[in-house]
Amino acid sequence: NRIGDRRIGEPFQKRPDSDIDRGSGNGGGITIKARSLTVEDAGIFAGTRSTGNAGDVNLNVTDALSVLSGGQIQAKSDFAGDGGTIIASAGSILVEGENSVRIPSLIFAITQGSGKGGNVSLDTLGALRVSNRGAIVTDTFGSGDGGGITIKARSLTVEDALISANTRRTGNAGNVSLDVTEVLSVKSGGE
């Protein structure tokens, strides 16, 4: 790798890059600045498992941000704390594929308790592509409201993949906002 590139590639089940709060305090945030960033079958997690609020994930990538082979960028609230927000700015963004045990590549913010879910905000002057079972998702499995998804891109392709703001319990789902200046393509089972 060139200087300034970052590659996170150890399986996230073993050793995630994470800051997950299990007490009443707030979780810390994660900020990464790089020329390129690849998250492959690994994870960047900010979360809370108690009353504290999760930290945010801020990614500032000059060239390509790639989430591959079951890689995950996640902000999560399990109980009363609010989930963190994921903010990523990159020259291009790719969310693609799944790993050997069929865990998809994901950028997602989720709440499973009474805390509010965080938002996902993705901004690229180039192409944003979600394909081959990759997904960008906000979700609520509890009474807390889910976060929204905001995407700004020159082009957006969703192919055999998903961009979705969901609710599965009593909390309200967030909104999905797309600002695509040139080509928007949804195909091959993309949603």
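Analyst: Let me begin with a definition: two strands pair if DSSP finds at least two bridges between them. Strands (E, at least two residues) and helices (H or I, at least four residues) are DSSP runs, numbered from the N terminus. This is a predicted model, in which local features need pLDDT of at least 70 and side-chain atom pairs count only at pLDDT 80 or more, while totals for chains, interfaces and linings use all residues. Residues are numbered from 1 along each chain as its sequence is written, and side-chain values use heavy atoms, with hydrogens and water left out.

User: OK, and which residue stands opposite V67 in β6?

Analyst: That is V39. Strand β4 and strand β6 (residues 57–68) run parallel and are joined by 4 bridges.

User: Why is β4 said to be largely enclosed?

Analyst: Because 4 of the 5 residues of β4 (residues 36–40) are buried, the strand is largely enclosed by the rest of the structure. Buried means under 20% relative accessible area, exposed means over 50%, and partly exposed is in between (1.4 Å probe, protein chains only).

User: How many helices and strands does the chain have?

Analyst: The secondary structure comes to 0 helices and 15 strands. Of the 191 residues in the chain, 50% are buried.

User: What about the largest nonpolar core, how many residues are in it?

Analyst: The largest nonpolar core has 33 residues, and those with the most contacts inside it are L65, I73, I107, L122, L128 and I136. Apart from it lies another core of 5 residues, among them L106, I110, A135 and V137. A nonpolar core here is a set of buried Ala, Val, Leu, Ile, Met, Phe, Trp, Tyr and Cys residues joined through side-chain atoms within 4.5 Å.

User: What does L65 touch?

Analyst: Leaving aside neighbours within four places in sequence, L65 is in contact (heavy atoms within 4.5 Å) with residues including L37, I73, A88 and I93.

User: Switching to S155, is that residue buried or exposed?

Analyst: S155 is buried, because its relative accessible area is 16%. This serine lies in strand β13 (residues 149–159), and, not counting residues up to four places away in sequence, S155 touches G126, A127, L128, V180 and V183.

User: And S24, where is that one?

Analyst: S24 is in the loop between β2 (17–21) and β3 (30–34), and with a relative accessible area of 60% S24 is exposed. Although S24 and T48 are 24 residues apart in sequence, their C-alpha atoms are 8.9 Å apart in space. Leaving aside neighbours within four places, S24 is in contact with S50, T51 and G52.

User: Which residues have a positive phi without being glycine?

Analyst: N132 is one of them, with a phi of about 50°, and R133 is another, with a phi near 80°. N132 is in the loop between β11 (127–131) and β12 (135–140), and R133 is found in the loop between β11 and β12 as well. N132 counts as partly exposed because its relative accessibility is 43%, and R133 counts as partly exposed at 40%.

User: Last topic, how much of the surface is carbon and sulfur?

Analyst: The chain exposes about 8,700 Å², of which carbon and sulfur atoms supply 44%. Accessible areas come from the Shrake-Rupley method with a 1.4 Å probe, and for residues only the protein chains shown count as cover.
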